[in-house]
Amino acid sequence: MNTHEIATHIQTHQAPAVLATLIEVEGHSYRKPGAVMLFFEGGTIGSLSPGCLESDLELRTSEIWERGLPEIVEYNMLSSDDLSWGETVGCGGKIKVVLEPVQGVFYELLVQASVRLAAGERLVLFREAAARGFTYKLQLDTDTSLSQNKQQPKLSHSAKESMAAGRFMAASAELTAFHTCFVPKPRLVIFGGGRDVVPIAELADRVGFRVAVADWREGSLHNKFPRAEQVICSPTELVQRLGVAQRDYVLICSHQLGRDRQFLESVIPLAPLYIGIIGSKARIALLLKGLEAPASLHAPVGLPIGGEGPEEIAVSIIAEIIQIRRAGSRELPKGVDSIEGSRNIFGSGAEQADGRVQGFTEIVAGGLARERRA
C-alpha cells in the first residue's frame, strides 16, 4: 500500500484532497479491499483500477470537498453486455468505494499519521458510521490492537470476522465501519555506491522503499542518488549512523572484500529482514568464511531470471526483496538456477580465464584488462 506516501503528501501540502478507499469487492477486481488513492489538484497518488474508474471518481471530488461529507460509490462491471463497463475494463467485478474529503479531524489524524510513520510506527485509522459521515480514531497497530483493545469501534460479528480475516472491513448490507492500515515505508540500506547500484536504488524507490546508500569513499555517491539518504563513513560506523534495525533490508555491494566483511559482521547480529550480497559464489564463499550465515541471508542475491546488465539485475534483486516483503518470511526458495551470473552484477556474459563472468563494473570502466578480485 502507498499509505505512507499519501500521509506524507497531506502533511506537506495544505490543499484540497479527497481520499478514495476500496471497501468491498464482488467478483474480479484489479485491487483488493483496503486499497487507497488520493486525489488532489494536479495529480493523484495510488490506484484502484487499471484506469477505468479514476476519471469518474475524479469528477466527484470537487463536489465532495465542497460538501465536506463522504460518499459511497458503487460500480457494477459484472455484466459483459454492458459496453460502458463490462468487457471494456480490466476489473469485471462489482466494487464499492468510499470518497472522503481530507478535512477537519480526518486531516489532523492523517498529518499525525505521517509524523508517526516517519518514526517507524505502524498505525490503524478506524472509521465508524455516524449521523453525518464518520467518526475517526487513529491507533497503534499491534498484534492485539484489533482484537482486544476496548476502545475500538463496536462492530457486528460478521464485520469482526471480516476484519480479522482481511484487516479491512465493510458490513455486507450497509457500511458500518472500516479501517485502513498505515505502514511505514520499508528501508533498503545499500553498502556500496558504485554505478551498478544506481538502477537498484532507483527501482527500490519506485516500488515504495526508502533508500539509504553508504560508502567510505569520498565522492562515490556524488549526484548518483538524488532521492536516497547518503552517508559517507566506515563500514564499522555505518550500523550506528543509520540505526540499522531488524525491520530493514540490507544489500552489500561495495566490491571490496575486506570492507564488505566488516559491514557484514556488524549487521548480522541485528537480524535484518533481508541481507543480500552481490558477487560470484567463489567471492561470497570467501566473504562468509568462518561466519554462520543467518536464514535471512541471500547470496548470491536476486531471483533466477537470467538477467544481464545492471537494469535486469536490478529487477532480479528488487523482485526478490518484494517477495520477502510480501510473504513476511525470511526463508524463501530462490528456485533452481544453473547460471551463476544471472543473479549477480557479474552478468555481462564476458568470461574470465577461470570461467567466471567478468564484473559489470569492469565492463563499464573500459574493458577486460584487469580482473577484479574484491
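User: What is the relative accessible area of Y136, and how should I class it?

Analyst: Y136 has a value of 21%, which makes it partly exposed. The cut-offs are under 20% for buried and over 50% for exposed, with partly exposed in between (1.4 Å probe, protein chains only). Bear in mind that this is a predicted model: local features need pLDDT of at least 70 and side-chain atom pairs count only at pLDDT 80 or more, while totals for chains, interfaces and linings use all residues. Residues are numbered from 1 along each chain as its sequence is written, and side-chain values use heavy atoms, leaving out hydrogens and water.

User: And F106: buried or exposed?

Analyst: F106 is buried, at 1% relative accessibility.

User: How do I read aromatic pairs, and how many are there in the whole structure?

Analyst: A ring pair is described by how far apart the centres lie and by the angle of the planes. Rings of Phe, Tyr and Trp (its six-membered ring) pair when their centres lie within 6.5 Å; planes under 30 degrees apart are stacked, over 60 edge-to-face, and the rest tilted. Searching the whole structure gives seven aromatic pairs. One of them joins F106 and Y136, a stacked pair at 4.7 Å centre to centre with 15° between the planes. Because F106 belongs to helix α3 and Y136 to strand β7 (residues 134-140), this pair ties together parts 30 residues apart in sequence. F134 and F178 are edge-to-face, because their ring centres are 5.4 Å apart and their planes meet at 85°. F134 is buried at 13% relative accessibility, and F178 is buried at 1%. Together, F106, F134, Y136 and F178 make one aromatic cluster.

User: Which ring does the charged end of R217 sit over?

Analyst: The charged end of R217 lies over the ring of W216, 4.1 Å from its centre. For R325 the ring is that of F209, at 5.0 Å from the centre. The test asks for NZ of Lys or CZ of Arg within 6 Å of the ring centre and within 35 degrees of the ring normal.

User: At what angle do helices α1 and α3 pack?

Analyst: Packed helices are described by the angle and the distance between their axes. Here α1 (residues 3-12) and α3 (residues 104-118) pack at about 120°, with axes 8 Å apart. The contact draws on T3, H4, A7, T8, I10 and Q11 from α1, and on Y107, L110, V111, S114, V115, L117 and A118 from α3. By class, that contact has eight nonpolar, five polar and no charged residues. Contact means heavy atoms within 4.5 Å.

User: Where is C253 placed?

Analyst: C253 is in the loop between β12 (249-252) and α7 (257-267), and is buried with a relative accessible area of 1%. Beyond neighbours within four places in sequence, C253 touches I190, F191, G192, V197, D260 and I278. Its C-alpha atom is 8.0 Å from that of G193, 60 residues away along the chain.

User: Which residues of helix α5 are buried?

Analyst: In α5 (residues 198-206), V198, P199, I200, A201, A204 and D205 are buried. Their cover includes β9 (187-191), β10 (210-215), β12 and α9 (309-327). Just after α5, G208 has a positive phi of about 105°.

User: What should I look for in the backbone?

Analyst: Most residues other than glycine have a negative phi, and most peptide bonds are trans. H255 has a positive phi near 65°; it lies in the loop between β12 and α7 and is buried at 5% relative accessibility. A271 has a positive phi of about 50°; this residue is in the loop between α7 and β13 (274-277) and is partly exposed at 27%. The peptide bond from A299 to P300 is cis, with omega near 0°, and P300 lies in the loop between β14 (297-298) and α9.

User: How many helices and strands does the protein have?

Analyst: There are 10 helices and 14 strands. These are DSSP runs numbered from the N terminus: helices are H or I with at least four residues, strands E with at least two. Of the 374 residues, 47% are buried.

Notes:
Axes fitted to C-alpha atoms, helices over the stretch in contact; angles between N-to-C directions. Nonpolar A, V, L, I, M, F, W, Y, C, P; charged D, E, K, R; others polar.
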